[in-house]
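Please look through the structure below with its sequence beside it.

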Amino acid sequence: MNPVKPGETRRTPWIVGVSGASGTPYAASVLRALLAAGESVDLVVSRASRLTLLDETGISFRDAHWREDLREWLGRGADGKPGTFEADLDAVRYWNAGDLAAGPSSGSYPSKGMLIVPASTACVAGVALGLSKDLLQRAASVTLKERRPLVVAVRETPLNGQTLRHLVALDDAGASVVPASPGFYAGATHIQDLVDFVAGRVLDAAGVGHDLYRRWQGELGGGPSSQ
């Protein structure tokens with residue numbers, strides 16, 4: 001136990017879960033924006049997502065070297081170019097997805113809520129059914145039972161009836177379902193713009209401030225392509 005001393009502020013992080021769906025650049029954008037906003041982050045990377053990350057970026061995410069691997073991951077742009085971004089990882093705490101005794105597995109562990117980005121259909125099903133087969137699913141279940149914000153950025157197409165029913169169940173339980181569907185009205189000119197739009201909408205659902213995309217102002221023709 002590390003009790004809060006007078007004058008200190010309790011660390012209250014956002015839990016970010018990364019599942020095995022395609023879309024690791026979405027997770028990277030969300031993580032960078034949370035850190036840029038001064039938020040603390042507890043990171044859970046599923047076993048399946050490590051394979052996706054390796055396939056999409058060539059990065060092997062290793063428990064013993066998670067800080068170095070995360071820095072390399074967050075430094076890449078959506079086009080895969082390394083060294084595009086910088087991120088201060090001092091506010092990040094990493095939990096192994098197999099550690100069901102980790103802090104986020106308990107409702108008494110303080111957090112602001114949880115963002116699952118990207119969320120695979122298997123992850124959606126596990127959370128909707130309350131399976132808690134790993135820390136990612138358990139932390140999501142805890143988030144729901146504690147009535148904290150849960151944002152699920154589902155990344156799959158097409159969606160079958162079973163997955164749609166699971167998403168409705170999550171919505172009924174109080175989660176925000178945010179499909180990874182880029183919008184084009186913000187005047188995207190690069191793949192990073194489309195990724196940041198989705199990441200921004202995830203953060204909007206969580207109530208976290210950011211400047212990842214140009215917001216709609218009620219006027220047509222405001223995109224860069226028409227200026």
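Which residues does Leu-43 touch, not counting residues up to four places away in sequence? In this predicted model, Leu-43 touches Val-16, Val-18, Leu-31, Phe-61, Leu-70, Val-92, Arg-93, Tyr-94 and Trp-95. Leu-43 also belongs to the largest nonpolar core, which has 38 residues, and it is listed there with Leu-34, Phe-61, Leu-70, Trp-73 and Leu-115 as the residues that touch the most other members. At least two residues of this core are supplied by each of strand E1 (14–18), helix H1 (24–36), strand E2 (41–45), H3, E3, strand E4 (113–119), strand E5 (150–154) and helix H7 (191–206), and the largest share, eight residues, comes from H1. Another core, of 23 residues, lies apart from it, with Cys-123, Leu-135, Leu-136 and Leu-167 among them.

Because Trp-66 lies in helix H3 (residues 66–75) and Tyr-94 in strand E3 (residues 92–96), the pair ties together parts that are 28 residues apart in sequence. Trp-66 is buried, with a relative accessible area of 15%, and Tyr-94 likewise counts as buried, at 13% relative accessibility. Both rings belong to one aromatic cluster, formed by Phe-61, Trp-66, Trp-73 and Tyr-94. A ring also takes part in a contact of another kind, where the charged end of Arg-32 sits over the ring of Phe-85, 3.8 Å from its centre.

A cis peptide bond, with omega of about -10°, joins Val-117 and Pro-118, and Pro-118 has its place in strand E4. Thr-157 and Pro-158 are also joined by a cis peptide bond, with omega of about -10°, but Pro-158 lies in the loop between E5 and helix H6 (161–172).

Positive phi values in residues other than glycine come next. Ser-132, in the loop between helix H4 (121–129) and helix H5 (135–145), has a phi near 50°, and this residue is buried, with a relative accessible area of 18%. Arg-147, which lies in the loop between H5 and E5, has a positive phi of about 60° although it is not a glycine; Arg-147, however, is exposed, with a relative accessible area of 69%.

How values were computed:
Residues are numbered from 1 along each chain as its sequence is written. This is a predicted model: local features need pLDDT of at least 70, side-chain atom pairs count only at pLDDT 80 or more; totals for chains, interfaces and linings use all residues. Side-chain values use heavy atoms; hydrogens and water are left out. Helices (H or I, at least four residues) and strands (E, at least two) are DSSP runs, numbered from the N terminus. Buried means under 20% relative accessible area, exposed over 50%, partly exposed in between (1.4 Å probe, protein chains only). Rings of Phe, Tyr and Trp (its six-membered ring) pair if their centres lie within 6.5 Å; planes under 30 degrees apart count as stacked, over 60 as edge-to-face and the rest as tilted. A charge sits over a ring if NZ of Lys or CZ of Arg is within 6 Å of the ring centre and within 35 degrees of the ring normal. A nonpolar core is a set of buried Ala, Val, Leu, Ile, Met, Phe, Trp, Tyr and Cys residues joined through side-chain atoms within 4.5 Å. Contact means heavy atoms within 4.5 Å.
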